[in-house]
Amino acid sequence: MRSALRRGAMVLGLLAGLGPRATLAAPPTVERPATTQVSGRVREAGGSRRGVAGAVVLVVEAPADVRPGREARDPLDPDAVSWTRRAETDAEGNFLLEEVPVGKVRVVVVAGGYARLEQWAEVDAGDRANELDLYLRRDAGSDYRTEVRTERSRSYAVEPEHVIDAQQARRYAGSGDDPLLGAQNLPGVARSPLGLGMIGFRGGDPTEAGHYLDGHPIPRSFHILPIASVLSAPMVDRIELSPGNYSAAYGSFGGGLIAIESRPGGRAGIHGQAHLDLFDLGTTLEGPVGEGSVHVGLRRSHVGDILQAVRALPTANPAFWDYLGRFDHPLGARTQLTVRALGAGDRLTGDETFEFGASFHRFDLALRRTSEDWLIYVSPSLRLDASNLQQGGNELRRHANVYSVRAAFTRRNLVPWLNIEFGSDIVVERWRLRDHTQFNLASLEGEIRTIEDDEDTRGDQLRLGAWISLPMSFGAWQLVPALRANVFAYTGYPRIRPDPRVDLRGPVHERVDLHLALGMYSAPVVVARGEDSDLIEQNGFLGDGLADVPQYLIAYFEPNISIDVDDRSASATYVIHGSAGVQVRLPWELEARATGFWREGLPVTLERFRGDPYYYGRRRSLGLELLLRRSLANDVIDGWLGYTLMWARAEDQAGEWLPAVFDQRHNFVALLGVNLPRNVRVGARFRLVSGNPETPVVGREVVADDGVWFYRPLRAPRGTSYQPMFHQLDLRVDKSWVKDRTRVTTYLDVQNVYNRIYPEVWIYSRDWAERSSLIGLPIYPSLGVQVDF
């Protein structure tokens with residue numbers, strides 16, 4: 001290039017020295033090289049193939065003997081470059097280069113967070129532009145993309161306390177590739193026995209928490225044998241957890257809120273994911289449809305076969321399935337239409353006389369419209385629930401249609417410092433129960449006859465809510481007073497409860513934010529009759545001993561069917577939540593949070609037509625949650641340290657205060673992930689948690705039943721003793737191989753690495769005189785493979 005400039009200067013000098021009478025000869029004709037357009041797209045290598053925004057694409061001349069499509073390994077010599085074309089990718093990764101000379105070229109792509117790409121290509125002449133598909137790999141040691149995200153357009157001003165990126169949470173050690181199980185590592189969440197799926201907040205009853213998926217309630221977040229959540233991991237976008245105070249847009253739950261949001265389909269071509277591990281197998285597929293997108297996924301388990309092979313559950317064979325499909329399409333520039341169909345089902349079988357099944361299917365329609373001043377969201381939903389329990393000749397079947405509608409409206413900038421949010425939601429359930437009973441009856445002549453009886457009952461229940469909140473901004477501070485009105489009709493007698501709430505947050509320093517919240521949360525209290533499967537017995541025989549199963553394992557994991565509201569015994573109570581928190585942004589991308597909380601459940605007495613009144617006692621918990629976290633978007637290391645100090649008490653029928661079932665005084669979790677070169681990631685989780693309160697056996701008595709004598713245990717009140725301190729170490733290793741269009745990942749997730757058998761269930765001798773052994777989770781490896789295509 002320098003020599004060309006020198007030659008140009010010499011020609012100009014000669015022309016200047018010829019004088020006015022000089023005659024110039026016509027320059028020789030120089031044929032210009034043919035040029036054309038080159039367009040294409042820069043994508044992330046692997047299964048996602050998302051477009052990379054802001055990437056710089058350079059095209060320069062290349063030697064004639066290179067092979068197009070191969071990597072350009074020879075260093076680029078700047079002195080050998082006679083021309084250059086440059087472009088930058090748009091938000092979708094697209095680029096266009098004008099007037100590129102025809103022939104062999106060298107393509108160079110540079111983008112933050114990705115390894116530099118250099119490869120050979122060939123540009124052809126013709127009417128159509130040359131198309132290049134270029135794939136970038138993430139930097140070695142970085143498993144996360146560098147993204148610029150705009151603020152999420154939320155319907156409600158009150159943010160959840162914890163937001164989990166589901167695709168990152170899948171890779172937490174001990175999560176078994178399930179993001180909802182990974183969320184159990186957060187402060188304020190109780191340790192679930194046996195590593196099973198259950199979320200209880202701040203010492204409360206897990207059944208008191210609300211479970212929502214894409215804005216509508218679901219009957220449960222985990223499968224019946226809760227090893228996995230009811231939504232396949234690739235379909236989950238984010239998980240929002242509110243242990244106490246949550247938005248007035250939701251209600252009817254005194255124990256916190258769990259909101260799962262599914263992931264819309266991408267528009268970067270058709271691609272998907274397939275996975276296989278020791279629990280289940282599944283696949284997803286997504287891609288563009290017109291101006292919109294579609295995303296579908298399904299999963300089926302084989303966990304029952306594995307458990308049978310290792311004799312973990314000698315009398316039960318569980319199986320589950322789930323699916324989700326969603327279609328998103330814009331209706332103009334400001335309106336978005338979403339259609340969803342989802343469902344989950346479980347089947348648990350034992351011997352020939354026992355079978356339990358439960359399933360639900362849900363169909364949603366959602367319309368979201370945004371403008372400069374308004375955000376409008378309307379979504380109706382229909383859910384079909386079914387459950388059945390068969391034991392011997394007896395069979396119980398329950399079917400329900402659940403109709404749900406949610407409408408939310410936000411008026412921005414009503415005045416410069418004030419917005420207004422309002423809306424309503426309604427859930428109507430109509431159920432039908434069929435009870436088939438079979439029993440044997442002996443006649444006076446000694447003949448045995450089989451008597452069958454069929455009973456068919458119906459019922460309905462309703463939850464209706466309307467809310468208004470007024471987000472006010474005073475500089476960087478935000479104050480959100482709100483009021484929600486609830487109507488509960490479980491027995492034909494509606495109960496009306498108003499819920500006032502207030503939320504205040506803002507900075508007290510450039511690195512320190514303060515958050516205060518106080519609210520009342522009304523919830524129905526129902527005395528329901530139900531039929532258990534008797535699969536789990538508190539004092540059941542196991543080998544030569546008796547299994548002393550804790551009552552909470554029976555209450556939360558025993559399959560059952562709720563039959564009816566007992567004697568129309570339904571009312572409502574209040575749970576008061578208060579919290580004060582501070583958040584500090586520290587150097588090295590660290591964030592520290594401290595939250596003090598208080599939870600008070602008010603008592604209520606339910607009158608019954610038959611029998612004594614039912615007293616639902618007070619519930620109380622208070623404590624402190626600490627969290628030290630490093631950003632999960634960091635390129636090398638991420639994770640957190642979480643600690644909860646808590647006291648939880650509950651009042652029994654006699655008015656005595658006892659420790660709550662999940663009164664876990666100390667709960668410490670250390671979670672760490674490290675991204676290594678060659679697409680390797682290692683992670684670890686260590687948990688140290690106080691044991692649950694026990695109702696210990698302090699004596700025994702001899703009783704007779706139909707002429708058979710046996711021992712019956714005598715127990716002290718709950719909390720007389722506690723289970724021992726729980727501690728466990730889990731390790732995980734992920735390894736990925738990335739090609740242009742495919743990414744293959746294998747993982748090994750090992751729980752309880754040093755094989756400490758924790759006494760979840762004690763085994764007593766037949767006379768209840770001594771404890772000789774125990775049941776707990778041994779070392780448990782989970783091996784899986786995932787293919788993104």
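**Gly46**

Leaving aside neighbours within four places in sequence, Gly46 is in contact (heavy atoms within 4.5 Å) with Val738, Lys739, Asp740, Arg741, Thr742, Arg743 and Asp788. The residue sits in the loop between β1 (35-44) and β2 (56-61); strands here are DSSP runs of E, at least two residues, and helices are runs of H or I, at least four residues, both numbered from the N terminus. I noted Gly46 as buried, because its relative accessibility is 0%; buried means under 20% relative accessible area, exposed over 50%, and partly exposed in between (1.4 Å probe, protein chains only). I also took the C-alpha separation of Gly46 and Phe789, which is 6.8 Å for residues 743 apart along the chain.

**Conventions**

Residues are numbered from 1 along each chain as its sequence is written, and side-chain values use heavy atoms, with hydrogens and water left out. For this predicted model, local features need pLDDT of at least 70 and side-chain atom pairs count only at pLDDT 80 or more, while totals for chains, interfaces and linings use all residues.

**Whole chain**

I read off five helices and 46 strands. Of the 789 residues in the chain, 48% are buried. Among contacts between residues at least 6 apart in sequence, 65% join residues at least 24 apart. The accessible surface (Shrake-Rupley method, 1.4 Å probe; for residues, only the protein chains shown count as cover) is about 38400 Å², and 57% of that belongs to carbon and sulfur atoms.

**Five-stranded sheet**

I traced an open sheet with the order β8-β11-β12-β9-β10 and mixed pairing; two strands pair if DSSP finds at least two bridges between them. Its edge strands, β8 (162-165) and β10 (216-217), each pair on one side only. Inside the order, β11 (residues 236-242) and β12 (residues 257-262) are antiparallel over six bridges. I checked Glu240 and found Ala259 in β12 as its bridge partner.

**Salt bridges**

I counted 44 salt bridges (a side-chain nitrogen of Lys or Arg within 4 Å of a carboxyl oxygen of Asp or Glu) in the structure. In one of them, Arg43 meets Asp133, with the closest N and O atoms 3.9 Å apart. Arg43 lies in strand β1 and Asp133 in strand β7 (residues 130-136), so this pair ties together parts that are 90 residues apart in sequence. Arg43 is buried at 13% relative accessible area, whereas Asp133 is partly exposed at 38%.

I then took Asp749 and Arg732, whose closest N and O atoms are 3.3 Å apart in a salt bridge. Asp749 is in strand β43 (residues 743-751) and Arg732 in strand β42 (residues 726-738), so the pair ties together parts 17 residues apart in sequence. Both Asp749 and Arg732 are buried. They belong to a salt-bridge network that also includes Arg170, Arg171, Asp177 and Asp734.

**Thr573**

I placed Thr573 in strand β29 (residues 560-586). Thr573 counts as buried because its relative accessibility is 7%. A polar atom of the Thr573 side chain lies 2.5 Å from the backbone oxygen of Leu602. Beyond neighbours within four places in sequence, the contacts of Thr573 include Tyr521, Val525, Pro603 and Tyr616.

How values were computed: Polar contact = N/O pair within 3.5 Å; in protein donor to acceptor, adjacent residues only side chain to side chain.
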